[in-house]
Amino acid sequence: MAAPDLLWQCVKNQSCFIRKQKNFPVMTAEPGNLCGLNNFQFSGLASKKVLGLDSKKVGKKESIVLTTRSKRESRQYRPGVVLVTTGIKKGKKQGPEQLKKARFAR
């Protein structure tokens, strides 16, 4: 895999996820970027540490999805499978426990 700094230099100004508005900081809609800022620290494309939370709606059911970067070296070379999505439970106890495990596992 290419160096994260090199990826960031390629992506920071020319990405399909960038959202620019007048009198507002440059934002991004890339997966794995919780803050939404176009910054190397928060980048879901260039950074090695990726964490994203999204809601996914299928029909009437809504679920919470956690997005992380795969730890396998073989997946780092395939852009389609680099990001791994996992379902998060909605319970008061189970949900935060799963997030803590995901945070410390990185």
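Which exposed residues does the face of H1 turned away from its buried side carry?

View 1. The face of H1 turned away from its buried side carries Asp-5, Leu-6, Gln-9 and Cys-10, which are exposed (over 50% relative accessible area, 1.4 Å probe, protein chains only). Pro-4, Trp-8 and Val-11 are the buried residues (under 20%) of this helix, which spans residues 4-11. Seen down the axis of H1, these buried residues fall within an arc of 75° (taken from the directions from the helix axis to the C-beta atoms), so they line one face of the helix. They pack against strand E1 (18-19), where contact means heavy atoms within 4.5 Å. Helices (H or I, at least four residues) and strands (E, at least two) are DSSP runs, numbered from the N terminus.

**View 2. The open sheet of three strands.** The strands follow the order E3-E4-E5 with antiparallel pairing, two strands being paired if DSSP finds at least two bridges between them. Strand E3 (51-58) and strand E5 (83-88) stand at the edges, each with a single partner strand, so one side of each is left without a neighbour in the sheet. From one strand to the next, the twist averages 35° (angles run from 0 to 180 degrees between N-to-C directions, with axes as lines fitted to C-alpha atoms).

**View 3. The pairing of E4 with E5.** Strand E4 (residues 61-69) pairs with E5 in the antiparallel sense over six bridges, and Arg-69 stands opposite Leu-83 in E5.

Residues are numbered from 1 along each chain as its sequence is written. In this predicted model, local features need pLDDT of at least 70, and side-chain atom pairs count only at pLDDT 80 or more, while totals for chains, interfaces and linings use all residues; side-chain values use heavy atoms, with hydrogens and water left out.
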